[in-house]
Amino acid sequence: MSSENVPPGPSGLPLLGSTHKYFSSPLSFYEDCADEYGDVVSFTVGGNEMVLVSDPELVETVLVRREDKLGKPDFFQDLLEGVFGRGLLTNEGEDWQTQRQMLQPLFFRERMAEYIGIITEYADDHIRRWDDGSAHEIHGELGSLTLRIITDIVLGIDLEEHGVDLRGDIENLYDRYLPQNQLVPEWVPTRDNREYKSSLSRLNELVYERIETHRERGTDDNSMLSMVMDAGAKSDRDLSDKQIRDEVVTMILGGHETTTALLTFGLYALADRPELQDSVRDEAESILSGGQPTLEDVSAFDKVERAVKETMRLYPPSPVVLRSLRDDLRVGGYQLPEGATAMFPQWVVHHDDRFYDDPWEFDIDRWGGEAEEDRPRYAYFPFGGGSRRCIGHSFAKVEAKLLLATFLDRCEFTLETDDLDLQGSMTLQPANDVYLGIEKR
Ligand code: HEM
């Protein structure tokens, strides 16, 4: 960067810049940068120029209003391409626009009503299997449950009935994105890389088998896969099996880890606050008492909704959004050069005491009143912003609210783990096992 109007930031080590500090703890690195240097901070990581933008007005100005000047960073695409291929998360330009239009109907209101039936069915089954009165590692439990739900919605199968256990494979695929693994290229024959490759083959095998079955039997089971194949057949765009695979794998994996983390953090926070848990439970119980839940029931939740919202503020499942600058840009009085990577950290903005009193406290009463109205819009952006905002956001919110309410209606949760350690790079995850005691009601 030229020295004129360059944002301040850590100079780091010669050649390496801030690479080590960034990769060893991205979350504290963002916090320290914003604390020390302010709303626009520049530094280098792995030879790339980075700019951290953590003022809500500037986030909106760049991420939303100047999105014509932004793209997805190459290193991010390279990292994700192996698993996500050219699905919606990774594609760009006109192809991405066509894909987004084609996939949007998967999340229309009438579809959501059907998804509610699937979510409830698996939640009931899962709760039934919990041993009453014992402690459970909740992150693993929720991961299995949400995976069963999303694979049924996307592929139209119950993984258990199908005799496939993908949970370990999915974990291996996500491990590839942990900061310490990002620096090791895929071709290096480490144990993690070997596991990553066999897990990817097993996932691909299942998805291609489903595509073939759909081709043979026709597309009529209401799964996302059949809708994608149907939409492809009706359009003038001939979707290859690889492209169909990329779209459905993106739907399975794009939101699985984030949704699982959201539920884990939410239950942890409520287990830690028994009074609040009881009061959210009272609402869940009164709304869910009428039998099979509906979309209207989910919209009627108030405390459950605020608990979910506050969970995504305090523990943003996506802690940062990344973009590459495709042109020079002036931001907050600074000149940012084409090629730099802009980082918009929910992790910093959601914990900024200019917008949230006691920002590290879990408090559902921050939502729904004047304080919320007075906040800048982008003081809260768990699902990103602009035209690339999360396509699954309404599904994720419905699923999280419904599962949280159902769990509270049926069980009481107590904390069996003292501390919650967090790790984050592309998503925020618990770094330790999270044990909760479960008493059925
Ligand atoms: C709490 C849950 C979730 C969170 C916090 C979350 C967060 C995000 C964020 C921040 C983005 C924008 C990334 C960027 O701009 O670079 C995004 C994009 C995306 N999300 Fe989600 N997500 C969640 C759940 C889901 C679910 C359930 C699905 C699918 C069923 C999903 C599918 C996607 C896809 C396909 C994209 C790419 C959209 C595009 O580029 O057009 N997400 N998500």
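Glu305 belongs to helix H16 (residues 303–314) and Lys401 to helix H19, so the contact ties together parts that are 96 residues apart in sequence. Helices here are DSSP runs of H or I with at least four residues, strands are runs of E with at least two, and both are numbered from the N terminus. Lys401 is buried, at 10% relative accessible area, whereas Glu305 is partly exposed, at 29%. Buried means under 20% relative accessible area, exposed over 50%, and partly exposed in between, with a 1.4 Å probe and protein chains only.

A word on the basis of these values. This is a predicted model, in which local features need pLDDT of at least 70 and side-chain atom pairs count only at pLDDT 80 or more, while totals for chains, interfaces and linings use all residues. Residues are numbered from 1 along each chain as its sequence is written, and side-chain values use heavy atoms, with hydrogens and water left out.

The whole structure holds 33 salt bridges. One of them joins Arg109 to Glu296, with the closest N and O atoms 3.3 Å apart. Arg109 sits in helix H6 (residues 109–129) and Glu296 in helix H15 (residues 295–300), so this pair connects parts 187 residues apart in sequence. Arg109 counts as exposed, at 51% relative accessibility.

I turn now to the ligand. Which residues come nearest to the ligand? Of the 26 residues around it, they are Trp96, Arg100, Arg323, Arg388 and Cys390; a residue is near if one of its heavy atoms lies within 4 Å. A ligand oxygen is 2.8 Å from a side-chain N or O atom of Trp96, and for Arg100 the corresponding distance is 2.8 Å. For Arg388 it is 2.9 Å. The elements giving two or more residues to this shell are helix H5 (93–103), helix H12 (241–254), helix H13 (256–271), strand S5 (321–325) and helix H19 (393–410).

What is the only protein donor of the ligand's iron atom? It is Cys390, through SG, at 2.3 Å. Donors are N, O and S atoms within 2.8 Å of the metal (3.2 Å for Na, K and Ca); water is not among the atoms, so sites may look incomplete. Cys390 lies in the loop between helix H18 (370–374) and H19.

Note on methods: Polar contact = N/O pair within 3.5 Å; in protein donor to acceptor, adjacent residues only side chain to side chain. Salt bridge = Lys/Arg side-chain N within 4 Å of Asp/Glu carboxyl O.
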